[in-house]
Amino acid sequence: MVKAESGGVVSSQDGDPVTMPIGEVARRTGMTVPTLRAWERRYGLLFPVRTAGGHRRYREEDVRRVLAVLELVRQGWAVGPAARQVAGRSSASPAARPADELRDRLWAALEQALRDLPAETEAAGESPATGQPEASAGALEAPGSSGSPGRVAAVRPRRRTAAAAGRQDLELLQATHQATRALLYITSVREATEILVAAVQRLGGTTIPASQADNWALPIDLSFGDGEPILPVAEPLSLARMQLEQVLPGLIEDARRAVQLLRRSEDLDG
Amino acid sequence: MQQPRITTAEVERFVDHLARRDRRSAVRQALGLSEAGSSVQDLVLGLLVPAQVEVGRRWAANRWSVADEHAATAITDAVLAAVSWRIEAAEDQGHVVVTCAEGEWHSLPARMVAEVLRVHGWLVTFLGASTPANHLRRFVDEVGAVGVVVSCSVPIFLSGALRSIQAAQAEGVPVLVGGRAFGPDDLRARRLGADGWAPDPVAAAHLLGEWRHQPPTVGKQPAGMRDAEPLELEAAEPELVEAAISELFLRFPSLAGYNETQLARTREDVAYILQFLEAALLTDDSRLFLDEFLPWLTGVLTSRGLPAAVVPVGLEALGAVLDGFPRAQDLILRGRQLTTDRALDS
C-alpha cells in the first residue's frame, strides 16, 4: 500500500487517484467530521493527501479503514484498540476479543519494560518505593501469561519504573474488574459498600466514618444512605490517591447503579 | 401544563426526613408528589435543590456535622434515583455527556442536571464524580456527543474544570458549564474558555437544543489567562502555607499551645484560603474571593465559636508571605479591609 505523506501532492501512482474532502468521508461512513479528525490525529487512521492549495483530500482506502474500524466496534471492540488495529499498529490477531487484546498489550508492555530495566534496580530485598502492596505481584502469575514470573519476582525497582507502571495498570484493571463483577451479585446495599471498601483498600487507601473525616478524606460517601456514611481516605499526592482518583469515580457510579436496581426491585416486590 | 407548585411546607417536611435519616419516608413523599402531578423536573428544582441548599446551610451554621450532611445527600440521591425511573422521554434529542470537573467529587448537582436533560429528551451519559480529564477526552472521542456538560460546585476545582473543558474541546466537542462554582453569570465560564454557561438545568437543556441545530464554533474564546500567577501560586502552595503559619505564630502566641491535630487543621484552613485565591486569579473574578468566599468563611468560623476578627488576622499573615504575587496581595488587602469592617460591624 502506498501511503501519501502528509504535505505531499496528489499522486496518480497510488492506484487510488480519486480524492474527496473529509465531509464526503463522513457522509460515506456515517461518522461526524470532528470524530474523523480525532481518529486521524490520534490513531493515524487516515492518510490525507494535500492539494496544491494545501487542502486535505482523502481516498477510498481511508473510507475502507473507517468502515473496518466500525465493523470491529460492531463486534465488540472498543474504538481505541479497533482503530489501532486497523491502522496497523497492533500485533494482535484480528480475531482477538477486546479483553484478550488488552491483556496482550499489557503483557507486551510489561515484558518490554522488564527487558529495558537497568540491572541496578534488581537490588533484592528493597521494598518498592511505589508503596504498592506485595500482593499485587500475584497478578503477574495470572494464567495465560507468556511472561517470566521468576524474573519478575526478583525485581525490586527503586523508583516508579515502566515495569512498575505496567504492573500498577494491571492491578488497577484487576481491582476494578473484580469489584464490578462482585457488584452484579449484591443482595443488600451493605454488600455494595463492602465491595467498595475492599476496592479502596486494595488500591492502597483506607476508609473512615464521615464523623471522623479530615481533609485527607475524599468527600464521597460509600454507604448510599444505608447506615453511617463512610469516606475513602488517601494521603494527597500519594500513589494510592492517584489510583483512587483514576478508578473510584467510575466504580462508585457502577455501585450506585447496582444499589438503584436493588432498591427498585425491592420496591416492586412490595 | 397545570401542576401543583411544591410548597415550602413540603420542602421542610422533606428536610425533616433527611434530618432523621429516613430514606423510605423521603422517597415516599417524593413519589406521592409525583402521583399528585409533579413532574420530575418540578421535583428536582422545587424539592431536591432547595432541600440540598438547606443541608449546606445547616452544615455551615454548625447545626449539622459532615456525617449528617453526607447522610442527607445520600438520601436525596436515592430519591432522585427513585423519581428518575418515572422519566419516559424519547431520548431523541441527541447524545450529551454530563460530568463533574476533574477534582470535583460533589456529584449530586451534576446528577440532577443529567436527569433534567433526560426529561428534555436527551440521551445522557453520566460519568460521575471527578472524571480525570484524560478519561473524559477518550470517552467523548468515542461517543460523538452534541455537547459535554461540566459541573463544578466548589470554586477550588475550577482549575480542574479548565482541564475538563480543554479535554472535551480537544476532541472538537463543545462544552457547556454550570454549577455554583461558576458564580452568578457567565464571566468565569468565558474566562475558562467554555462554549456556554447555564444558570440552571432547564437553561442547559435549551442551550444544548440550540447547539443541536447550530453547533457552536468550539473553543471560540480560548481560556485567556491574564498571567501565570495562579499557577505559580499553586506550585508554591506548600511553602506559602508553612510561611503563613510562622507568621500566624507571631500574631497569635496562643498557637504555640495547639496540638498536632489543631495545627494540621489550621494548615488546612490556610491552604483552603490560598486555593480560593488561586481560583479568583485564574478566572480574574475578585467577587469569587471577596463576595462569596470570605463571607462564607466568616460564617463558618463564627458559627464554630471563633471571633470574626480571626479572618482579617489570618489574611494579614498570608499577605505577609505573598511577595512576588502582586494580584494575590491586592486581593488579600481588599479582603482584609472588607472583613475588618464587617468584624467591627458585628
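Which residue in β4(B) is the bridge partner of B:Val149? B:Leu176 is that partner. The legends below concern a predicted model, in which local features need pLDDT of at least 70, side-chain atom pairs count only at pLDDT 80 or more, and totals for chains, interfaces and linings use all residues. Residues are numbered from 1 along each chain as its sequence is written, chains are lettered from A and ligands numbered from 1 in the order in which they are written, and side-chain values use heavy atoms, with hydrogens and water left out.

**View 1. Strand β4 (residues 175-178) of chain B and its residues.** B:Val175 and B:Val177 point one way, B:Leu176 and B:Gly178 the other way, and all are buried (under 20% relative accessible area, 1.4 Å probe, protein chains only). Helices (H or I, at least four residues) and strands (E, at least two) are DSSP runs, numbered from the N terminus.

**View 2. Strand pairing on β4(B).** Strand β3 (residues 147-151) of chain B pairs with β4(B) in the parallel sense over four bridges; pairing requires that DSSP finds at least two bridges between two strands. β4(B) also pairs with strand β5 (residues 196-197) of chain B, in the parallel sense over two bridges. In β5(B), B:Gly196 stands opposite B:Leu176.

**View 3. The place of B:Val53 in chain B.** This residue lies in helix α3 (residues 40-60). B:Val53 has a relative accessible area of 44%, so it is partly exposed, a class that runs between the buried limit of 20% and the exposed limit of 50%.
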